[in-house]
Amino acid sequence: MKAVIGVVLLGVVLPALSKECAQLYEENGLSPNFNETIAHAIHSLTLNELRKFNPLAEELNGVPVVNPRLNDPTETERVIPHAPEEEINKNFMSEAMNTIDLVMSQVGQSGDQFGTNWPIVARIVHKFHMKDTWAKIKEEFDLMKQPAKDLCVCLKDTKENGIFQAVDWVARQYRTAPLLTLLNKPLPKLKDAKSWEVWRARLVQYYDSQAITDAATYLSCVLNHTS
């Protein structure tokens, strides 16, 4: 088993999709592995980030994410049903520095999501990779026509369509895997320009236009459809 900074899901047991939903996914241009692409996009989302998409996003938002306190021995859920609000101190002027402050302040604390398997540089890269991914998704989200209600009913049922299971797969990797991988290949220790070239080449593959469309469609359903 290997830990993942990004997601390529293998061996995830998925529920059978209903005929109606499967047809809607295909007709609306979602990828065959939409559950995986969406899981990558949302697995560490927070309410703070959701409110950049829609300022009215609520605490009960229905976006399943890896439990931020995954390695707290008192926690029993690997995945929680709603993206939580992240408490960010305002010790610094910029969002970037306050984000680094947040990441560093969690290292070694009880409930630290990544446990002992994630080097500090990898934690920071992951955090900013996801923030960058969400910025890319928001570009499409802002231009996207509102998805049909029947499609959204299917997409929001994450336990039936496999999204929840895909997020849970990520959580299990965080908890048990001793090594970092990306796109199912081991990553070199991030220590210099040469190792960063490998990381960068793999990270940019997550900006695939189809993966971005899958995620933007899902978030449009979650944030713009109330029923």
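The exercises below use a predicted model and cover its disulfides, its core and its pocket.

**Exercise 1.** Find how the cysteines C21, C154, C152 and C221 are paired.

*Solution.* Start with the cut-off: a disulfide needs two cysteine sulfur atoms within 2.5 Å. The sulfur atoms of C21 and C154 lie 2.0 Å apart, so this pair qualifies. Here helix α1 (residues 19-27), which holds C21, is linked to helix α6 (residues 149-156), which holds C154, across 133 residues of chain. Next, C152 is joined to C221, also with an S to S distance of 2.0 Å.

**Exercise 2.** Work out the handedness of each link from its angle about the S-S bond.

*Solution.* For C21 and C154 the angle is -80°, a left-handed link. For C152 and C221 it is -70°, again left-handed.

**Exercise 3.** Which residues have the most contacts inside the largest nonpolar core?

*Solution.* The core has 56 residues, and those with the most contacts are I42, L45, V63, I137, L155, Y218 and L219. Now follow I42: beyond its sequence neighbours up to four places away, I42 touches V63, P64, V65, I163, V167, Y218 and L219.

**Exercise 4.** Describe the lining of the largest pocket by class.

*Solution.* The pocket has a volume of about 550 Å³ and 24 lining residues. They divide into 9 nonpolar, 8 polar and 7 charged. Helix α5 (120-143) gives the largest share, 4 residues. Nearest the centre lie P68, E86, Q106, Q113 and K127.

Methods:
Residues are numbered from 1 along each chain as its sequence is written. This is a predicted model: local features need pLDDT of at least 70, side-chain atom pairs count only at pLDDT 80 or more; totals for chains, interfaces and linings use all residues. Side-chain values use heavy atoms; hydrogens and water are left out. On a 1 Å grid over the protein atoms alone, a cavity is a set of points where a 1.4 Å probe fits but cannot get out, and a pocket is an open set with protein on both sides within 12 Å along at least five of seven lines; lining residues have an atom within 4 Å of a point. Grid points are joined across faces, edges and corners, and a volume is the space filled by probe spheres set on the points. Helices (H or I, at least four residues) and strands (E, at least two) are DSSP runs, numbered from the N terminus. Ala, Val, Leu, Ile, Met, Phe, Trp, Tyr, Cys and Pro count as nonpolar, Asp, Glu, Lys and Arg as charged, and the others, Gly among them, as polar. A nonpolar core is a set of buried Ala, Val, Leu, Ile, Met, Phe, Trp, Tyr and Cys residues joined through side-chain atoms within 4.5 Å. Buried means under 20% relative accessible area, exposed over 50%, partly exposed in between (1.4 Å probe, protein chains only). Contact means heavy atoms within 4.5 Å.
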